[in-house]
Amino acid sequence: MTEDRDDLARVPLPVRQRERLHRRRRATAAFVWLVLPMLVLAMTLEGAQQLRPSWRAHRGVGTPGVFTTTRCVKADCFSGGVWTSDDGSRTLRGVRLHDAPAGPHQVGDRIRALDTGLPHGVYVAGGSAYLSATVELAAGVLGLLVLLALLASRLRRPRRERS
């Protein structure tokens, strides 16, 4: 059985088929070594940036205030708004509301929210955004570890085996 496979491996492929296979390998390599690391790094950074503020909001820690919707894009009315602290000392414009309540919303809706330190967003107290931030961070770190392991194994192989 293995002798048949060895014989097949020795049969030269037609030129077009070899070129197609080569292009496919290059496209896969470009994805694995260029696109995938960027996506995994972005996931890691985004998860790391949002984990602490979302956890604080889940615990109800932060500056209380009101988020007012100023823009609706299709069904998403929480991608743009103004948050004002209860004492009126702070106003954040162009922020996103995380853990928004379910249901139909429109421009002008006012929702209680906490500023927990995220520069571009505020959270509803007691929400569960920390779960998605934790998963995003864990998936990003795991992806980075897998990519590093792939790179290490690729560098350990002798050069002629890599192609």
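Visitor: What conventions apply to the numbering and the values?
Guide: Residues are numbered from 1 along each chain as its sequence is written, and side-chain values use heavy atoms, with hydrogens and water left out. As this is a predicted model, local features need pLDDT of at least 70 and side-chain atom pairs count only at pLDDT 80 or more, while totals for chains, interfaces and linings use all residues.

Visitor: What is the average pLDDT, and where is confidence lowest?
Guide: The average pLDDT (the predictor's confidence in each residue, from 0 to 100) is 87 for the protein chain, and 89% of the residues score at least 70. Confidence is lowest in helix 1 (residues 2-10), with a mean of 55, and highest in strand 4, at 96. Where pLDDT is low, the predicted coordinates should not be read in detail.

Visitor: How many helices and strands are there, and in what order do they run?
Guide: The protein chain has four helices and five strands, in the order α-α-β-β-β-β-β-α-α from the N terminus. Helices (H or I, at least four residues) and strands (E, at least two) are DSSP runs, numbered from the N terminus.

Visitor: What percentage of the residues is buried?
Guide: Of the 163 residues, 26% count as buried. Buried means under 20% relative accessible area, exposed over 50%, and partly exposed in between (1.4 Å probe, protein chains only).

Visitor: Turning to the strands, which way do strand 1 and its partners run?
Guide: Strand 1 (residues 63-73) runs antiparallel to strand 4, with six bridges joining them. Strand 1 is also antiparallel to strand 2 (residues 76-85), through seven bridges. Two strands pair if DSSP finds at least two bridges between them.

Visitor: Is D115 buried or exposed, and which side chain does it join by a polar contact?
Guide: D115, in strand 4, counts as buried because its relative accessibility is 6%. Its side chain and that of R90 are joined by a polar contact of 2.3 Å. A polar contact is a pair of N or O atoms within 3.5 Å; within protein, one must be able to donate a hydrogen and the other to accept it, and residues adjacent in sequence count only if both atoms are side-chain atoms. Leaving aside neighbours within four places in sequence, the contacts of D115 include W83, L92 and V122.

Visitor: Where is T116, and what does its side chain reach?
Guide: T116 is in the loop between strand 4 (110-115) and strand 5 (121-123). The side chain of T116 reaches the backbone oxygen of P53 at 3.0 Å. T116 is buried, with a relative accessible area of 5%. Beyond neighbours within four places in sequence, T116 is in contact with P53, R56, A57, V61, G62 and Y123.

Visitor: How many aromatic pairs are there?
Guide: The count comes to one aromatic pair, where rings of Phe, Tyr and Trp (its six-membered ring) pair if their centres lie within 6.5 Å; planes under 30 degrees apart count as stacked, over 60 as edge-to-face and the rest as tilted. W55 and Y130 form this edge-to-face pair, at 4.9 Å centre to centre and 75 degrees between the planes. The pair links W55 in helix 2 (residues 15-59) with Y130 in helix 3 (residues 129-156), 75 residues apart. W55 is partly exposed at 36% relative accessible area, whereas Y130 is buried at 17%.

Visitor: Which residues does L147 touch?
Guide: Not counting residues up to four places away in sequence, L147 touches V32, W33, L36, P37 and V40. L147 lies in helix 3 and is buried, with a relative accessible area of 8%.

Definitions and conventions:
Contact means heavy atoms within 4.5 Å.
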